[in-house]
Amino acid sequence: HSSSKPPGWWPVVGQWPVVDGEERRHKIMGSEVGEQETYGVDYVTARDVIRCFRTVLPEYEEDDLWTITDDLMMQVNTSYGPMTPDTAATQSLALAAEDLAERLEWQHPAGPRAIAQSKALWFLANEVRSSPEMFVVHRKGFGVVCRDPQGVKAGDLVVNFLGEVYTPWAWAAKQDAIRSVQRSRGMRECGPPEL
């Protein structure tokens, strides 16, 4: 972070990307991104997911395991989709793990890497069903979900947004830090605002 820049400063795009002959300033709502209720896990749950994956995929690097976890988090939002306000705020991670495992198995061709990842996801789903309280998916509020199969690349403008963007585990780590400060200052632990 440069001391010459204000907190939260973000570089401005010098030139917008050209897509199909026209300047594209953001992803297209509806086809490339959509607004819906979003879900995620806390840092401890993400760590436990990685532990499960490492059991089945010991030869995988840490970054590879986190990539599978990222794919699983995207699948969480696809699997649970829109829910009514009276639906429980927490769900099991098993459904998303099973959905992603099936999707990987049905890829053509389903190579050895996809099959290995699928086995890790089935193992995780079994662990989740055995200990559902350990692998809970939480509502994270109304948000924008990427539907573009190419994902979001560096420099893409998804939508105009004023605020902070966190991965699920970074948000949980921030919440933990806030609670820690609240405890150390003798404050009532109420956690940070969700939205």
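At what angle do the axes of helix H1 (residues 43-56) and helix H4 (residues 112-130) cross? They cross at roughly 130° and come within 9 Å, and the views below show their surroundings. This is a predicted model, in which local features need pLDDT of at least 70 and side-chain atom pairs count only at pLDDT 80 or more, while totals for chains, interfaces and linings use all residues. Residues are numbered from 1 along each chain as its sequence is written, and side-chain values use heavy atoms, with hydrogens and water left out.

**View 1. The whole protein has five helices and five strands.** Helices (H or I, at least four residues) and strands (E, at least two) are DSSP runs, numbered from the N terminus. Starting at that end, the order of elements is β-β-β-α-α-β-α-α-β-α. Of the 195 residues, 34% count as buried, meaning under 20% relative accessible area, with exposed being over 50% and partly exposed in between (1.4 Å probe, protein chains only). Among contacts (heavy atoms within 4.5 Å) with a separation of 6 or more, 68% come from residues 24 or more positions apart.

**View 2. Here helix H1 meets helix H4.** Axes are lines fitted to C-alpha atoms, for helices over the stretch in contact, and angles run from 0 to 180 degrees between N-to-C directions. H1 and H4 are oblique to each other; angles under 35 degrees count as roughly parallel, over 145 as roughly antiparallel, 65 to 115 as roughly perpendicular and the rest as oblique. On the H1 side look for Val49, Cys52, Phe53, Thr55 and Val56, which meet H4 residues including Ala116, Leu121 and Phe123. The residues of this contact comprise nine nonpolar, one polar and two charged. In this grouping Ala, Val, Leu, Ile, Met, Phe, Trp, Tyr, Cys and Pro are nonpolar, Asp, Glu, Lys and Arg are charged, and the others, Gly among them, are polar.

**View 3. Helix H1 carries the buried residue threonine 45.** H1 has 14 residues and reaches 21 Å from its first C-alpha to its last, close to the 20 Å expected at 1.5 Å a residue (1.5 Å times one less than the number of residues). Threonine 45 counts as buried because its relative accessibility is 5%. Apart from neighbours within four places in sequence, threonine 45 touches Met134, Phe135 and Val136. The buried residues of H1 pack against H2, H4, strand S5 (136-146) and helix H5 (168-184).

**View 4. Helix H3 (residues 94-105) packs against H4.** Their axes lie 8 Å apart at an angle of about 160°, and the two helices are therefore roughly antiparallel. Contact residues include Leu95, Ala97 and Leu104 of H3, along with Gln117, Trp122 and Arg129 of H4. Sorted by type, the residues of this contact are twelve nonpolar, two polar and four charged. What covers the buried residues of H4 includes H1, H2, strand S4 (90-92) and H3.

**View 5. Helix H2 spans residues 62-80.** From first C-alpha to last, its 19 residues reach 27 Å, close to the 27 Å expected. Buried residues of H2 include Leu65, Trp66, Ile68, Thr69 and Leu72.
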